[in-house]
Amino acid sequence: MNKKLAVFFVFSFLTLTLFLTRMPAVYIDEMWHINSGWKFATEGTLGIDAYGDTLNLNRITFQPPAFNLLIGLWFKLFGGGVFQARLLVVIMGMLILFFTYSLSKFLYDEKTAFLSIVILFFWNFYLFRFIRMDISVALFFLIGSRVILE
């Protein structure tokens, strides 16, 4: 990895972690994922507390469970909270940048690869800070694409 790329990754990580719990403001989707991950970490079940136990509606059935399981495992290792959950998303965002660079360099050249991660970083700056399952989907897609093209 060259020096320019290393500096960009350090800059990206530091920029993404700056004021991680204050900007952007926490919104409802994040709380659903945090609550589901916390329940998995503490009780071993995927669910949310929003409905209580009314009609057994506290089980997550409306989306794939992989992201909430990842958050739950992350909470078991590092504790629960908005900062911890967003830090996982920041790390996933950094991995997205890495695999985008790797895939672009494989398909094109180093200059195109670097330009692609710079554009991706500034275009999706807020997205790399929100707790959303879209981040894990993009990451797993890039990893799979890179592995298949190898």
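How are α4 and α5 oriented to each other, roughly parallel or roughly antiparallel? Before I answer, a word on the source: this is a predicted model, in which local features need pLDDT of at least 70 and side-chain atom pairs count only at pLDDT 80 or more, while totals for chains, interfaces and linings use all residues. Residues are numbered from 1 along each chain as its sequence is written, and side-chain values use heavy atoms, with hydrogens and water left out.

Let me take that pair, bearing in mind that helices are DSSP runs of H or I with at least four residues, numbered from the N terminus. Helix α5 covers residues 110-123 and packs against α4 at an angle of about 150°, the two axes being 8 Å apart; axes here are lines fitted to C-alpha atoms over the stretch in contact, and angles run from 0 to 180 degrees between N-to-C directions. The two helices are therefore roughly antiparallel, a term that applies over 145 degrees, whereas roughly parallel applies under 35. By class, the contact of α4 with α5 has eight nonpolar, three polar and two charged residues, where Asp, Glu, Lys and Arg count as charged, Ala, Val, Leu, Ile, Met, Phe, Trp, Tyr, Cys and Pro as nonpolar, and the others, Gly among them, as polar.

Now to the other partner of α4. Helix α4 (residues 82-107) packs against helix α6 (residues 133-149) at about 30°, with axes 9 Å apart, and these two are therefore roughly parallel. In this contact we find 14 nonpolar, five polar and one charged residues.

Ser-136 sits in helix α6 and is buried, with a relative accessible area of 4%; buried means under 20%, using a 1.4 Å probe and protein chains only. Leaving aside residues up to four places away in sequence, Ser-136 touches Phe-67 and Met-92, contact meaning heavy atoms within 4.5 Å.

Arg-146, also found in helix α6, is buried as well, at 16% relative accessible area. With the same exclusion of residues up to four places away, Arg-146 touches Phe-99, Ser-102, Leu-103 and Phe-106. Its side chain makes a polar contact with the side chain of Ser-102 at 2.7 Å, and the Arg-146 side chain makes another with that of Glu-150 at 3.0 Å. A polar contact is a pair of N or O atoms within 3.5 Å, one able to donate a hydrogen and the other to accept it within protein, and residues adjacent in sequence count only if both atoms are side-chain atoms.

Notes
Parallel < 35°, antiparallel > 145°, perpendicular 65-115°, else oblique. Buried < 20%, exposed > 50% of the residue type's maximum accessible area, 1.4 Å probe, protein only.
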